Amino acid sequence: MAGGHHLLLENARQVVLVCTRGERFLAGDALRSLEVLEGASLVVGTDGFIKAIGPADAIQKQFSGETFQERIDCSGKCILPGLVDAHTHPVWAGERVHEFAMKLAGATYMDIHQAGGGINFTVERTRQASEEELYSSFQQRLGCMMRAGTTLVECKSGYGLSLETELKMLRVIERARRELDIGISATYCGAHSVPKGKTASEAADDIIKNHLPRLKELGRNGEIHVDNIDVFCEKGVFDLDSTRRILRSGKDIGLQINFHGDELHPMKAAELGAELGAQAISHLEEVSDEGIAAMATARCCAVLLPTTAYMLRLKQPRARKMLDEGVIVALGSDFNPNAYCFSMPMVMHLACVNMRMSMPEALAAATINAAYALGKSHIQGSLEVGKQGDLIIISSPRWEHLIYQFGGHHELIDYVIAKGKVIYKK
């Protein structure tokens, strides 16, 4: 409809803006407390962008003669930015519930990987699955994430390893990007594992000579839109040299560098990412002190994954050291067959308890900083005028309940709204 406004959220007990001055990320002292308005209302326009936020009575006065397509009474409730999940692997076939039992009995990630399980097991099943089957399960998983408050999610390919299956996965991600309400940042992760019968160097050659030119072509003619390039830089997977070659080539065709580094072994991946101008690096359980310093200087975002360290019983990433050194810290669920978690509220809780983050730090890491990791923090990740109307409404008088009530998000979240449109209502 022309004129008027789309959505009015009235009389919230708290509106968590996260930041108010157009910051692209929050680091260091800026994380001590987030910007919160008490007794406030918020207006989203018909274009899906935020038009006004302020004290309830001031908003009421300003918009007294206006018509709204929808009004929601938020008395006694809190409004927060939609959550951003900065790292997921959500397109695959082949459950690995049997491997969870092996892990509980003491098998390591690499034990399972070398026995033909892990990524390779999922690759086999994903290659066999039809595009329609993959889309159907992917759509279901995105629905679970959205009901847990996620409005923007990074989605990786990487269970194809052959050009044909990687493109199949990317087409599935592209279809969801066009058809669904949840925001998607697409990542090409063809270097997730070294395919059987190839060396890391041969696999890197194949990606550089065949995969990336094809992606560039599909991007040019508007068939598939890919945002990021990822490599699993790890001992026994892609070494530093192969990783550097692939990431450089990805950057040359306009992709943001956003890769797995320093997870199981110290690889100097953080130093490499800082040198290449990476937007973000994930995992970092084994990052060096030098790597942390380099990331802080390069404004390269650390995407920490508390679920992975928890499920694989790895040592926790050194979030406190990173935060104290001024690194931009974001969070992701790492949703995949090895770490099956849809819920960013649970990820934030684990980050606070196991990685010693404060609640404001965790919320910033799951909103503005996660959006920064995806190069989207200019329009998403905080509640500010001119930004996209992505938000959640929770039924509690203080926003901290979203983190405090472990596993309680199903009861807490009343509404999830994307671009001003209610996409979930309890």
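**View 1. Burial in the predicted model.** In this predicted model, 61% of the 426 residues of the protein count as buried. The protein exposes about 16200 Å².

**View 2. Secondary structure and overall dimensions.** The protein contains 17 helices and 16 strands. Its radius of gyration is 21 Å, close to the 22 Å that the globule rule gives for 426 residues, so the protein is as compact as a globular protein of that length. Taken along the principal axes, the box filled by the C-alpha atoms is roughly 70 × 45 × 40 Å.

**View 3. Contacts across the sequence.** Among contacts in the protein with a separation of 6 or more, 73% are accounted for by residues 24 or more positions apart.

**View 4. Charged side chains.** The protein carries 46 positive and 52 negative side chains. The centres of the two sets lie 1 Å apart.

**View 5. Helix 7 and K216.** Helix 7 covers residues 200-220, and K216 lies in this helix. The relative accessibility of K216 is 42%, so K216 counts as partly exposed; the partly exposed class lies between buried, under 20%, and exposed, over 50%.

**View 6. K216 and I253.** K216, a residue of helix 7, and I253 are 37 residues apart along the chain. The C-alpha atoms of K216 and I253 are separated by 6.3 Å.

Conventions. Residues are numbered from 1 along each chain as its sequence is written. This is a predicted model: local features need pLDDT of at least 70, side-chain atom pairs count only at pLDDT 80 or more; totals for chains, interfaces and linings use all residues. Side-chain values use heavy atoms; hydrogens and water are left out. Helices (H or I, at least four residues) and strands (E, at least two) are DSSP runs, numbered from the N terminus. The radius of gyration is taken over C-alpha atoms; the globule rule is 2.2 Å times the number of residues to the power 0.38. Buried means under 20% relative accessible area, exposed over 50%, partly exposed in between (1.4 Å probe, protein chains only). Contact means heavy atoms within 4.5 Å. Accessible areas come from the Shrake-Rupley method with a 1.4 Å probe; for residues, only the protein chains shown count as cover. Lys and Arg count as positive and Asp and Glu as negative; His and the chain ends are not counted. The place of a charge is taken as NZ of Lys, CZ of Arg, CG of Asp or CD of Glu.
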